[in-house]
Amino acid sequence: MSPVANGEAVSTATLPQLLRRNAQAMAERPAMREKDHGIWQPYSWRRYWEEARDFALGLAAAGFGRGDKLSVIGENRPRLYFAQLAAQSLGGVSVPVYQDAIATELAYVLNHAETSVVVAEDQEQVDKVLSLRAQLPNLKLVVYDDPRGLLNYDDPILKSFEAVKQQGREFGAAHAGYVDAAVDAGKPDDIALFSYTSGTTSRPKGVMLTHANLLLPAAAFAKAEQLKPTEEHLAYLPMAWIGTSLVSIALHLHIGFTCNFPEKPETVGRDLRELGPTIGLAPPRFWENTLTAVTVRAADSSPLKHRLFEYFRRVAEQTEQLKADGKSVPPHLRLAHAIGEILVYAPVRDQLGWGRSRVVYTGGAPLGGDVFRFFRSFGINLKQVYGATELSGLCSVQADGEVDPDTVGRMLDGMEARIHDTGEVQVRSPGIFHGYYKQPEASQEALTEDGWLRTGDAGFIDRRGHLAIIDRAKDVGRLDDGTSFAPQFIENKLKFSSYIGEAVVFGDGRPFVTTMLAIDPNTVGKWAERSNLAYTSFQDLCARAQVGQLVREEIRKCNARLPEATRIRRFLVLNKEFDADDDEITRTRKIRRGFVAEKYAAVIDALYGGAAEVELSTEITYEDGRKAVLESCLAIGDVYEPETPAFASTRILAGAAVPAAAGE
Amino acid sequence: MAVAATSATRTDEVQLAATGVSKRFGGVRAVEDVSISVRRGEIASIIGPNGAGKTSLLNMISGFYRPDSGSIVFDGTETTRYRPADIAHLGIARTFQNIALFGGMTVLDNIMLGRHVRMKSGVLSSFIYWGFAQKEEIAHRARAEELIDFLELQDLRKQQTSALAYGLRKRVELARALALDPKLLLLDEPMGGMNSEEKEDMARYILDVNEQWGTTIILIEHDMAVVMDISDRVAVLDRGRKIAEGTPGEVQRNPKVIEAYLGTGHERTERAA
């Protein structure tokens with residue numbers, strides 16, 4: 001029953017070979033479940049293989065072969081996985097793309113990768129691809145999953161998934177054992193995947209990863225974390241994200257657990273709860289949003305419940321803090337914690353869908369320590385992992401009992417990290433990529449001469465041997481008095497506030513730190529409702545003086561936990577959210593700092609020029625690519641420190657041993 | 001092949017024929033001697049200024065009003081004197097201008113209610129539940145789930161309809177009408193009060209219903225762009241009378257229609273436009 005392969009078997013296998021093995025070793029066990037028509041519909045391992053095989057035959061009949069590229073575009077759907085494995089079975093390459101990419105981005109990636117087959121989820125995606133057809137000379141076939149609304153399309157390039165499989169079965173009747181032979185011919189060093197990096201600096205780059213690149217880190221991770229075939233996982237993050245490819249393809253095939261797909265993005269919350277996954281991986285954004293949702297729901301409940309929640313939340317925080325410091329927890333706190341477990345923690349875990357979770361991970365970017373501690377204190381075993389697309393996603397994880405918010409844990413078996421003189425983290429791993437597609441110079445620059453990957457992250461290795469990441473190396477800056485500061489560290493502290501959605505912090509080469517932030521429309525909207533503040537639109541809400549005051553208070557709370565020199569002095573509430581369609585953040589929601597600084601140069605000038613407001617005209621892009629210009633005048637706020645320096649120094653001179661209350 | 005499938009649903013066979021129907025309310029002549037015929041599988045629109053008699057005509061087709069004179073024939077059955085419930089049994093479903101959902105019930109329950117017409121188990125067997133009634137319930141739930149999938153209401157299944165936004169309630173109402181498995185669907189201003197994005201979505205759903213199940217659709221709508229975009233044929237009413245009928249292009253060029261909408265002296269307006 002236990003199909004966990006040993007390391008040796010993995011290093012000589014390809015993804016389709018593992019699929020075929022699973023289809024034999026655990027034929028009738030569910031490989032996937034998709035919630036459809038209100039019911040979780042299982043797909044066995046046998047079915048997974050048969051679907052991939054038949055689709056591969058269909059692709060072969062259409063002339064797809066070794067080295068050809070197939071792109072999937074859409075939400076997580078079984079057929080999009082069948083298609084990727086089908087392409088890889090024939091020695092082809094899977095190129096998943098972001099389902100919310102706008103036309104120009106999509107055209108760039110599909111062209112750059114020379115994709116010849118696109119498998120699209122539905123009419124929306126088909127329309128997007130067909131509208132770009134004139135720009136896609138390599139495109140030969142567009143396959144759709146959901147036929148809805150596509151009945152009247154008579155474009156010969158367009159076929160249904162079933163039609164391709166049907167052609168495949170006819171082709172297969174004439175070519176017995178075709179796919180098996182192709183799978184046998186596959187080598188672990190064949191390219192399996194192009195993962196286009198979101199690129200915080202430039203156009204996306206196609207990271208080439210081999211079967212071995214993906215499988216070796218997956219195997220090392222499975223071993224370190226003792227993952228079993230009985231795990232349940234819910235896959236709902238973009239298929240183009242390397243984390244998805246790693247978990248829902250490589251780890252999934254390697255271990256043979258069950259991968260579940262939600263009904264649609266809006267139902268993820270409920271689907272999580274119904275399913276109760278045992279493992280999970282999500283970027284910081286997800287955890288920040290979840291925390292916000294919990295806080296909002298607690299505030300919306302009855303006063304008694306709200307007070308209970310707040311009380312036990314403090315109990316949990318204190319207990320967690322004591323444990324983290326290695327101190328013993330006093331009996332009364334232990335008792336309170338036990339009551340809290342019954343009244344608050346377990347129900348919250350259950351509501352969030354993590355009631356059965358053994359371990360969940362955050363990765364992709366640093367998660368603020370406060371958010372991290374919240375989940376751990378509520379009994380969710382949240383751990384940090386570290387990786388990069390160029391490392392096939394993963395190279396380190398925190399071991400149980402060694403979890404803390406400041407590090408990303410130890411390197412996995414077979415991987416090493418070192419800190420270069422510049423402070424940059426460099427990693428050696430079997431997951432290191434085979435270069436950027438068609439960009440040999442960039443590929444060469446990414447590696448050191450002795451074959452270590454330059455991650456571009458600044459970090460250090462602590463005395464336990466844990467790797468700690470500070471920020472992107474190029475983002476770590478200095479104020480003009482020489483104080484070094486890491487913008488992301490401060491931003492994460494700001495984002496701990498449920499009212500602040502996204503924030504960019506400035507300060508490199510400046511006298512003090514400032515921020516431009518976007519409020520969270522849901523929480524601030526609810527807050528406005530509760531405080532009887534009428535507003536007409538998001539822009540109107542952002543411009544309200546009361547909202548400015550609210551944000552100022554939140555910044556003060558954040559300042560209280562920052563060193564004196566790097567406290568935020570001035571801020572501006574932006575009247576739009578940061579949007580990937582406007583290139584301000586990447587599709588994985590990382591701030592594109594350089595771009596933002598350029599686009600909002602007027603704001604930065606005003607923040608440091610002492611102006612009370614700034615005229616701003618911003619271009620916004622709609623989802624369909626249309627553009628519009630937003631003209632507005634935004635107010636800039638000052639964050640006053642409560643105690644004046646003169647007063648504080650008097651007290652110190654007078655010898656009063658009262659420490660000045662920081663911030664508040 | 002795909003094109004052939006569509007033309008198969010659009011036939012010349014008349015599915016609904018209203019001949020010379022009139023309706024008065026006291027001294028008001030709401031509808032006067034109007035004849036329209038709708039072919040199987042087409043999307044027909046009825047347009048006209050406020051008070052032109054559009055909704056009254058729809059009410060007569062669905063049995064809410066009885067015509068004072070004239071006749072209505074649906075699928076070969078004269079339905080002029082039928083009650084609304086009997087007409088529903090024949091396969092005509094409708095939605096309302098001001099949404100008529102059960103606000104205290106969930107989206108799913110509202111849709112299941114639409115299946116009621118198609119349920120056969122009686123009071124006794126429903127009471128016992130196991131056996132026939134259970135089997136039937138499961139079959140009907142499966143159909144309700146198809147509609148939830150079709151209209152993308154998955155995340156709202158268990159929500160009370162009164163708590164939903166206006167555009168969503170319109171969509172739920174459409175789902176309930178579709179739950180009857182209608183042969184003819186009457187939609188009274190399905191896009192009234194919607195923003196342009198919601199309108200686009202609704203237009204797509206209407207086209208998809210027509211394409212997927214070949215359902216004949218009669219549509220009352222004020223948004224001319226939508227009407228001209230999705231209708232096969234358009235009938236124009238003005239003060240209770242039919243003043244024009246034809247393809248969207250024909251109707252748009254018809255001087256009587258222009259007059260009804262813009263009043264006399266329209267030429268100047270037109271030139272200015």
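Predicted model: local features only at pLDDT ≥ 70, side-chain atom pairs only at ≥ 80, totals over all residues.
Colleague: Why is Lys23(B) called buried?

Modeller: Lys23(B) has a relative accessible area of 12%, and because buried means under 20%, the residue is placed in that class. Lys23(B) belongs to strand 1 of chain B, and apart from residues up to four places away in sequence, it touches Val28(B), Arg29(B), Ala30(B), Val31(B), Met60(B), Tyr65(B), Arg66(B) and Asp68(B).

Colleague: What makes the approach of the Lys23(B) side chain to the backbone oxygen of Arg66(B) a polar contact?

Modeller: A polar atom of that side chain lies 3.0 Å from the backbone oxygen of Arg66(B), and because the limit for such a pair of N or O atoms is 3.5 Å, the distance falls within the rule.

Colleague: How do you know that strand 1 and strand 2 of chain B are paired?

Modeller: Two strands pair if there are at least two bridges between them, and here eight bridges join strand 1 (residues 14-25) to strand 2 (residues 28-39), the two running antiparallel. Within this pairing, Val21(B) has Val34(B) as its bridge partner, while Ala18(B) stands opposite Ile36(B). The hairpin has two residues between the strands, and Gly26(B) takes a positive phi near 60° there.

Colleague: What makes strand 2 and strand 5 of chain B edge strands?

Modeller: The open sheet has four strands in the order 2-1-4-5, with antiparallel pairing. Strand 2 and strand 5 (77-78) each have a single partner strand, so one side of each is left without a neighbour in the sheet.

Colleague: Which strand of chain B holds Arg233(B), and why is this residue called buried?

Modeller: Arg233(B) is in strand 9 (residues 233-238) of chain B. The relative accessible area of Arg233(B) is 14%, and because the cut-off for buried is under 20%, the term applies. The side chain of Arg233(B) also makes a polar contact, at 2.8 Å, with the side chain of Glu42(B). Leaving aside neighbours within four places in sequence, Arg233(B) is in contact with several residues, among them Ser37(B), Val38(B), Arg39(B), Glu42(B) and Thr247(B).

Colleague: What makes Asp155(B) and Lys264(A) a salt bridge?

Modeller: The closest N and O atoms of Asp155(B) and Lys264(A) are 3.5 Å apart, and because a salt bridge requires a side-chain nitrogen of Lys or Arg within 4 Å of a carboxyl oxygen of Asp or Glu, this pair meets the rule. The count between chain B and chain A is three salt bridges, and the rule for polar contacts finds 10 residue pairs across the interface. On the side of chain B that touches chain A, helix 1 (2-9), helix 6 (132-150) and helix 8 (196-213) each supply at least two residues, and the residues of that side divide into five nonpolar, two polar and nine charged.

Colleague: How many residues are in contact between the chains, and what area is buried there?

Modeller: In chain B, 16 residues are in contact with 17 residues of chain A. The area buried between the two chains is about 1500 Å², of which carbon and sulfur atoms give 42%.

Colleague: How do you know that strand 1 and strand 2 of chain A are paired?

Modeller: Pairing needs at least two bridges, and strand 1 (residues 30-36) and strand 2 (residues 39-44) of chain A pair in the antiparallel sense over six bridges. In this pairing Lys35(A) stands opposite Trp40(A), and in the hairpin, which has two residues between the strands, His37(A) takes a positive phi near 50°.

Colleague: Which residues of helix 5 of chain A are buried, and what do they pack against?

Modeller: In helix 5 (residues 103-113), Leu106(A), Ala107(A), Val109(A), Leu110(A), His112(A) and Ala113(A) are buried. The buried residues pack against strand 3 (69-73), strand 5 (117-120), helix 6 (123-131) and strand 8 (191-196) of chain A. Just after the helix, Glu114(A) takes a positive phi of about 55°.

Terms used:
Residues numbered from 1 in each chain as written. Chains lettered and ligands numbered in written order. Heavy atoms only, no water. Contact = heavy atoms within 4.5 Å. Buried area = accessible area lost by both parts, 1.4 Å probe. Polar contact = N/O pair within 3.5 Å; in protein donor to acceptor, adjacent residues only side chain to side chain. Nonpolar A, V, L, I, M, F, W, Y, C, P; charged D, E, K, R; others polar. Buried < 20%, exposed > 50% of the residue type's maximum accessible area, 1.4 Å probe, protein only.
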